[in-house]
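Have a go at each task before you read its solution.

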Amino acid sequence: MRAMKLPLALAIATTVGLSAPLFAADEDYRIVDKPLTLTIHFHSGDKIVYDSDWPVEKRAAELTGISLDGVASMATQKSADAFNLMIASGDLADIVGGNRLKDGFNQYGQEGAFQPLNELIDEHAPNIKAFFESRPDIKSAISAADGNIYYIPYLPEGDFGRMYFIRQDWLDILELETPKTVDELYKVLTAFRNDDPNGNGKKDEVPFLSRDWEEIVRLVVLWDARTTGSDTFHDYYVKDGKVVHGYTEEEYKTGMMNLAKWYQEGLIDPEFFTRGKRSREVLFGDNLGGMTHDWYPSTTSFNDSLADKVPGFNLKAMPPPASPSGRQLEEHRVIPVKPDGWAISYTNEHPVETIKYFDFWFTDLGRRLSNFGVEGVHYDLVDGKAIFKPEVLNASDPVNAQMWNVGAQIPKGFLQDFEYQAQWTNEMGLESIALYEAGDYLTEQFLGVSMNPDEQNVYDKYQGNLLTYMLEMQQIWILGTEDVEAGWDKYQEQLDKLGYNKIIDAMQSAYDRQYGS
């Protein structure tokens with residue numbers, strides 16, 4: 001038997017701000033009569049390693065009687081390396097968690113490293129079971145090729161993420177209207193470039209900028225192309241029931257031809273491949289940037305942060321410009337299920353208690369705890385609703401960073417509450433959401449497939465080189481090293497040689513099995 005820690009109520013009394021006594025209602029969440037400690041290997045996002053001193057985890061232990069002892073190495077910088085080293089050693093913690101582990105959980109689960117959770121959920125996890133019954137699509141998405149569930153996922157809430165933002169003050173200066181089509185957008189960006197909206201007498205404006213170079217490539221969507229089917233760049237997508245990749249289609253060729261033209265005319269940041277993550281701060285801060293496509297919570301903050309530095313600065317959300325066919329598409333959206341979460345290893349001697357612990361995070365109290373932190377410390381319950389305390393909302397650190405530091409919003413198996421984000425989104429951000437919600441610009445997302453060993457071998461054999469080639473050609477075409485149309489047939493031939501059709505066959509087989517043909 002593993003050594004058990006003293007009841008957390010004794011230890012917690014020494015922690016500032018967390019010395020409140022147990023409440024009678026807490027007994028409703030008790031899982032074990034005697035305190036139980038389970039080991040956990042949790043390494044996420046190359047930066048988050050499980051910490052048993054997180055206030056959220058201490059409160060969960062107080063409520064459930066189950067404590068977790070983190071065993072992931074703080075010295076390992078890469079989460080993928082930490083997971084692979086653990087698997088290779090064969091020394092698995094009771095619980096294994098982190099980000100981008102879906103494929104690992106399903107692959108090694110089928111090989112016996114992780115316990116199937118289907119019966120455990122049905123018999124001991126009523127809240128998780130109810131969620132899957134309400135979202136059978138998500139249950140299908142996380143299931144392995146053998147039909148088993150091997151992990152409980154992190155489930156984001158909300159739809160909207162990236163949006164188009166344009167300098168309204170520049171439009172006003174140049175007496176231009178918000179562009180409604182891709183052709184109108186071309187004219188506006190050309191005016192931004194040529195007509196000196198920043199008023200310094202120099203042709204130094206950068207009409208379209210992005211801190212992620214992939215967002216420049218995403219502009220091909222304006223010509224009816226697709227670049228991804230999920231919230232991950234360069235992903236496959238589903239078209240009329242068939243798995244395809246947008247970088248193979250004729251619309252993509254048209255988009256790349258136009259994108260190369262825009263780049264040569266100076267409408268796109270000439271340093272977009274290299275400028276990096278502070279592009280917005282640099283170009284907006286120097287009154288040089290005109291438009292971007294980025295996350296609304298952070299992008300909408302520039303009007304406040306640059307109010308003194310750039311008088312009149314007014315960045316405003318705009319609907320997606322219509323393509324030549326009239327399509328208005330916002331390709332990015334918050335995906336409803338992440339390849340993140342946690343699983344129960346084969347060495348775990350307490351699977352029933354562990355699945356009950358997982359289920360705790362799907363209760364009302366567990367969900368609040370994982371979203372807002374500790375009641376009375378980080379939030380107050382007002383009319384049944386968790387409201388962040390003013391000292392959290394007004395702190396110098398962003399709310400999300402504060403939550404990570406106390407163990408909330410960690411990508412384990414939990415259901416996110418959008419109110420967590422809405423409370424620290426400014427008025428402009430909320431208006432941006434309303435604009436996009438009214439326009440119905442979002443599209444369905446590809447939730448991925450779980451491949452059997454043969455399918456996975458095909459994917460692993462070809463995908464890396466295939467994607468590398470696709471991305472290399474994007475840079476060659478946009479920078480004008482090679483003409484898109486002249487090289488298109490050769491490009492298609494090379495895709496076939498690199499195994500594109502073999503990958504599609506494997507993924508389609510998995511898709512039909514998982515979601516129904």
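**Exercise 1.** Find where asparagine 287 sits, then work out whether it is buried or exposed.

*Solution.* 
- Step 1: Asparagine 287 is in the loop between α12 (279-285) and β10 (289-295). Helices (H or I, at least four residues) and strands (E, at least two) are DSSP runs, numbered from the N terminus.
- Step 2: check the cover. Asparagine 287 has a relative accessible area of 18%, so it counts as buried. The cut-offs are: buried under 20% relative accessible area, exposed over 50%, partly exposed in between (1.4 Å probe, protein chains only).
- Step 3: look at the backbone. The phi of asparagine 287 is positive, about 60°, although the residue is not a glycine.

Some ground rules before you go on: this is a predicted model, where local features need pLDDT of at least 70, side-chain atom pairs count only at pLDDT 80 or more, and totals for chains, interfaces and linings use all residues. Residues are numbered from 1 along each chain as its sequence is written, and side-chain values use heavy atoms, with hydrogens and water left out.

**Exercise 2.** Which residues does histidine 332 touch, not counting residues up to four places away in sequence?

*Solution.* 
- Step 1: histidine 332 is in the loop between β11 (315-318) and β12 (341-344).
- Step 2: at 2% relative accessibility, histidine 332 is buried.
- Step 3: list the contacts (heavy atoms within 4.5 Å). Histidine 332 touches Gly161, Arg162, Arg218, Asp231, Trp295 and Leu442.
- Step 4: Serine 230 is 102 residues from histidine 332 along the chain, yet their C-alpha atoms are separated by 7.1 Å.

**Exercise 3.** Take aspartate 359 and tyrosine 379. In which element does each one lie?

*Solution.* 
- Step 1: aspartate 359 is in helix α15 (residues 351-360), while tyrosine 379 lies in strand β13 (residues 379-382).
- Step 2: aspartate 359 is buried at 6% relative accessible area, and tyrosine 379 is buried at 1%.
- Step 3: once neighbours within four places in sequence are left out, aspartate 359 contacts Ala125, Pro126, Asn127 and Ile128. Tyrosine 379 has contacts including Leu365, Arg368, Phe372, Ile387 and Phe388.
- Step 4: run two C-alpha distances. Aspartate 359 and alanine 125 are 234 residues apart along the chain, with 5.2 Å between their C-alpha atoms. For tyrosine 379 and valine 244, 135 residues apart along the chain, the separation is 45 Å.

**Exercise 4.** How many of the eight residues of helix α18 are buried, and what covers them?

*Solution.* 
- Step 1: count. Six of the eight residues of α18 (residues 399-406) are buried, so the helix is mostly covered.
- Step 2: name them. The buried ones are Val399, Asn400, Ala401, Gln402, Met403 and Val406.
- Step 3: find the cover, which includes α2 (55-64), α16 (364-372), β14 (385-388), α17 (390-393) and α19 (419-422).
- Step 4: step past the end. Just after α18, glycine 407 takes a positive phi of about 95°.

**Exercise 5.** Zoom out. How is the chain divided into domains, and how many residues of domain 1 contact domain 2?

*Solution.* 
- Step 1: The bounds come from an automatic or database domain assignment.
- Step 2: over C-alpha atoms, the centres of domain 1 and domain 2 are 35 Å apart.
- Step 3: eight residues of domain 1 are in contact with six residues of domain 2.
- Step 4: for the whole chain, count 23 helices and 14 strands. Its radius of gyration is 25 Å, close to the 24 Å that the globule rule gives for 517 residues, so the chain is as compact as a globular protein of that length. The radius is taken over C-alpha atoms, and the rule is 2.2 Å times the number of residues to the power 0.38.
- Step 5: buried residues make up 54% of the 517 residues.
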